[in-house]
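Here is a short tour for a first-time reader. Take a look at the structure, then read on.

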Amino acid sequence: MMTEPYHTLAHIRAAFFDMDGVIYVGSRPLPGVQELLDYLDATGRRWMLVTNNAALTSQQFSDKVAAMGLRVAPERILGSAEATASWLRHQVEKGWPEGKVIVNGQEGLRSALTRAGFTLTTDPFDAAYAVSGANFSLTYNDLADVALAIRNGARFIGTNSDRTYPTERGQVPGAGAILALFTAATDREPIVIGKPNAPMFEEAMRRLGVTPEETLMVGDRYETDIVGALKLGMTTVGVLTGIDSRSTFATQSAPPHLILDGLPELLTLLRRADAEMDR
């Protein structure tokens, strides 16, 4: 007998959601977001929005979705900027040297690193760490300074490896495209924190106090959202409201556990799973 799709969700006690292409596109909220988040709260499940976007602080993300009519507190949002700053602080606590950081990125990344106790520098020869994320006002001098820092021995760290960034205009170059430029210019590969790499997921699970086995990851991009979650043993849902198509998800050697049109369908399945449990 075939297993009903909702059976896949029966054990889920926490959920992570990518933001771009799952919660919203540009400044437009996607259908069913608040209804699903409210249901998770009502049923005692924990949840967090987990995004590779490193441009904004958690408060700025909260303000952004509030302008779309969505209620999400800052502490329920983890961007790759905060994840990167937290990871780097842990490395220093475990023995890496204290040192200044040269940053290619937006205010969200700079703010996260400062709050984590790091001093920022613009001097490429005074940096122990070179951290790169999205930068929408990037100049050649920015590129040159970070490349010089890496060549001078600064440890090279990337917030995420997303090659593109979704906007209402279409896909534009993302943080991963900039990392590729630095690699080409320095012959150095970065340590990347964001999805699909484990540090991002591990930080989110640490904050919620959950294990991979009881956690659901919902994403629109297989190579980041789904791959990383599968490697850690999470249940995964690929939604068709963002980057990847049904065929892209379905033809992978390890596809998502569920492929759904969007969040309203996920809410329906969760309700059916809970009703089945109550019988």
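How many bridges join strand β8 to β11? Two bridges do, and β8 (residues 155-158) and β11 run parallel. Within this pairing, Ile 157 stands opposite Ile 191 in β11.

This is a predicted model, in which local features need pLDDT of at least 70, side-chain atom pairs count only at pLDDT 80 or more, and totals for chains, interfaces and linings use all residues. Residues are numbered from 1 along each chain as its sequence is written, and side-chain values use heavy atoms, with hydrogens and water left out.

**The open sheet.** Strands β6, β7, β8 and β11 form an open sheet in the order β6-β7-β8-β11, with parallel pairing. Strands pair if DSSP finds at least two bridges between them. Helices (H or I, at least four residues) and strands (E, at least two) are DSSP runs, numbered from the N terminus. β6 (101-104) and β11 (191-192) stand at the edges with a single partner strand each, so one side of each has no neighbour in the sheet.

Contact means heavy atoms within 4.5 Å. Angles run from 0 to 180 degrees between N-to-C directions, with axes fitted to C-alpha atoms, for helices over the stretch in contact.

| Helix | Strands touched | Angle |
|---|---|---|
| α4 (residues 107-115) | β6, β7 (129-132) | about 160 degrees with β6 |
| α6 (residues 175-186) | β6, β7, β8, β11 | about 160 degrees with β8 |

**Strand β4.** β4 pairs with β1 in the parallel sense over four bridges. There, Trp 47 of β4 is the bridge partner of Ala 15. Three bridges join β4 to β5 (residues 77-79), also parallel. Thr 51 has Gly 79 in β5 as its bridge partner.

**The core.** A nonpolar core is a set of buried Ala, Val, Leu, Ile, Met, Phe, Trp, Tyr and Cys residues joined through side-chain atoms within 4.5 Å. The largest has 35 residues. Those with the most contacts inside this core include Phe 17, Ile 23 and Leu 263. Elements giving two or more residues include β1 (14-17), β4 (46-51) and α10 (263-278). The largest share, six residues, comes from α10. Leaving aside neighbours within four places in sequence, Ile 23 is in contact with residues including Phe 17, Leu 49 and Leu 263.

Notes: Buried < 20%, exposed > 50% of the residue type's maximum accessible area, 1.4 Å probe, protein only.
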